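User: Could you go through the charged contacts in this one with me? I'd like to take them pair by pair.

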Amino acid sequence: MIQKVEVWDFECHEHSMLADLSPGLNLIYGESDSGKSSLVRALKVAAYNEFDPSCVRTGAKNCRIRVETERGYVMVTRGKDNLWEVCKTGQIPQHFMKIGTNVLPDAAEVIGLHKVELGDLSLSVNIMDQS
């Protein structure tokens, strides 16, 4: 279960954190254009490596996303740099660089979000956004 999501310089977020998430359904609400969907896109970067360079906040070199679960944490830095830190609970953090556009299996495992393959389609069915 995702327990905490923290983002830096991601889209409209200079620094934002969702903490104390509960099992089951969590509702994120707010004014239109306040960054709710950005948090979903940040999860997709960390779990699926779905990165668009325009996600880096204007004026920043990189964006950073940290997702904590009961399995450990994933810290992703994207933009000018492409750095990943994955730490499974009770283990030493592993560092990955230049993984391209592939899903990092260790990150997906820690976060608990996996793509589903349906024929030629690869879908992220665990989380949705409004776009």
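**Salt bridges in the model**

Analyst: This is a predicted model, and in it the side chains of Glu 70 and Arg 71 come together in a salt bridge, with an N to O distance of 4.0 Å.

User: How exposed are Glu 70 and Arg 71 there?

Analyst: Glu 70 has a relative accessible area of 40% and is partly exposed, and Arg 71 is partly exposed as well, at 36%.

User: Okay, and how many salt bridges turn up in the whole structure?

Analyst: A search of the whole structure gives 8 salt bridges, among them one between the side chains of Lys 4 and Glu 68, where N and O are 3.9 Å apart.

User: Where in the chain do Lys 4 and Glu 68 sit?

Analyst: Lys 4 belongs to strand 1 (residues 2-10) and Glu 68 to strand 3 (residues 62-69), and the pair, 64 residues apart, links distant parts of the chain.

User: Are those two buried or partly exposed?

Analyst: Lys 4 is partly exposed, its relative accessible area being 22%, and Glu 68 is also partly exposed, with a value of 21%.

User: Switching topic, what does Glu 11 pair with?

Analyst: Glu 11 forms a salt bridge with Arg 41, and their closest N and O atoms are 2.8 Å apart. Glu 11 lies in the loop between strand 1 and strand 2 (13-18), whereas Arg 41 is in helix 1 (residues 36-48), so this pair ties together parts that are 30 residues apart in sequence.

User: And how accessible is Arg 41?

Analyst: Arg 41 counts as partly exposed, with a relative accessibility of 27%.

Definitions and conventions: Residues numbered from 1 in each chain as written. Predicted model: local features only at pLDDT ≥ 70, side-chain atom pairs only at ≥ 80, totals over all residues. Heavy atoms only, no water. Helix = DSSP H or I, 4+ residues; strand = E, 2+ residues; numbered from the N terminus. Buried < 20%, exposed > 50% of the residue type's maximum accessible area, 1.4 Å probe, protein only.
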